[in-house]
Amino acid sequence: MEHGDLKSIAEASAALGVTQRTLRFYEDKGLIQPERVGTMRVYSPREMGRMQLILRGKRLGFSIREIGEFLSLYDHDPDQVAQVRRMLKGVQHRLEELSQQRDAIEQTIEELKTIEAMSRKHLGKDESQD
C-alpha cells in the first residue's frame with residue numbers, strides 16, 4: 001500500500017469530522033484497527049470506510065454492539081448476505097422504535113396543546129375579572 005493511501009490520526013479525524021479521541025475510542029472497542037508506522041496510528045481506506053459505517057450506524061441509532069456485529073459479518077461474509085439480513089432486522093427494529101417514539105411525541109404535543117389552551121382560557125377569565 002502506498003503511503004499516500006494512509007491518513008494520520010489528525011487527517012482521519014478531520015476527514016471524518018470527529019475528534020481523535022473518537023477514533024481511539026472505536027479502536028479500543030475493536031471496531032477499527034489502524035496500522036502503525038512507528039508509534040503513529042495511520043488509517044487505510046479500509047479503516048476510513050469502517051469509520052464511515054460506524055458513524056452512519058450511530059446516526060441511525062444503532063448500539064456499538066450492533067455496529068460491531070454488522071462489521072464482523074461484513075468481514076466474514078464476502079457475499080454480504082448474512083450482513084444484509086442482520087442489517088435488515090436491525091433496521092426494521094429501529095424503525096419500529098422510532099415509530100413508537102414519534103407516536104409518544106405526537107401524543108405529548110397534543111396533551112401540551114390542550115393544557116396550553118386551558119391555561120390561556122383560564123388566564124383570559126381571570127384577566128377580565130380584574
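Which helices each supply at least two residues of the lining of the largest pocket? They are helix H3 (45-59), helix H4 (64-76) and helix H5 (81-129), helices being DSSP runs of H or I of at least four residues, numbered from the N terminus.

The model is predicted, so local features need pLDDT of at least 70 and side-chain atom pairs pLDDT 80 or more, while totals for chains, interfaces and linings use all residues. Residues are numbered from 1 along each chain as its sequence is written, and side-chain values use heavy atoms, without hydrogens and water.

The largest pocket holds about 220 Å³ of space. H3 gives the most to its lining, with four residues. By class, the lining has nine nonpolar, two polar and one charged residues; nonpolar means Ala, Val, Leu, Ile, Met, Phe, Trp, Tyr, Cys and Pro, charged means Asp, Glu, Lys and Arg, and the others, Gly among them, are polar.

| Pair | Angle | Axis separation |
|---|---|---|
| H1 (residues 9-16) and H2 (residues 20-28) | about 100° | 8 Å |
| H3 and H4 | about 140° | 10 Å |

H1 is therefore roughly perpendicular to H2 (65 to 115 degrees; under 35 is roughly parallel, over 145 roughly antiparallel and the rest oblique). Their contact (heavy atoms within 4.5 Å) involves Ile9, Ala10, Ala12, Ser13 and Leu16 of H1 with Gln20, Leu23 and Arg24 of H2. H3 and H4 are oblique to each other, and their contact comprises five nonpolar, one polar and four charged residues.

Key. Axes fitted to C-alpha atoms, helices over the stretch in contact; angles between N-to-C directions. 1 Å grid on protein atoms, 1.4 Å probe; cavity = no way out; pocket = protein on both sides within 12 Å on 5 of 7 lines; lining within 4 Å. Points joined across faces, edges and corners; volume = space filled by probe spheres on them.
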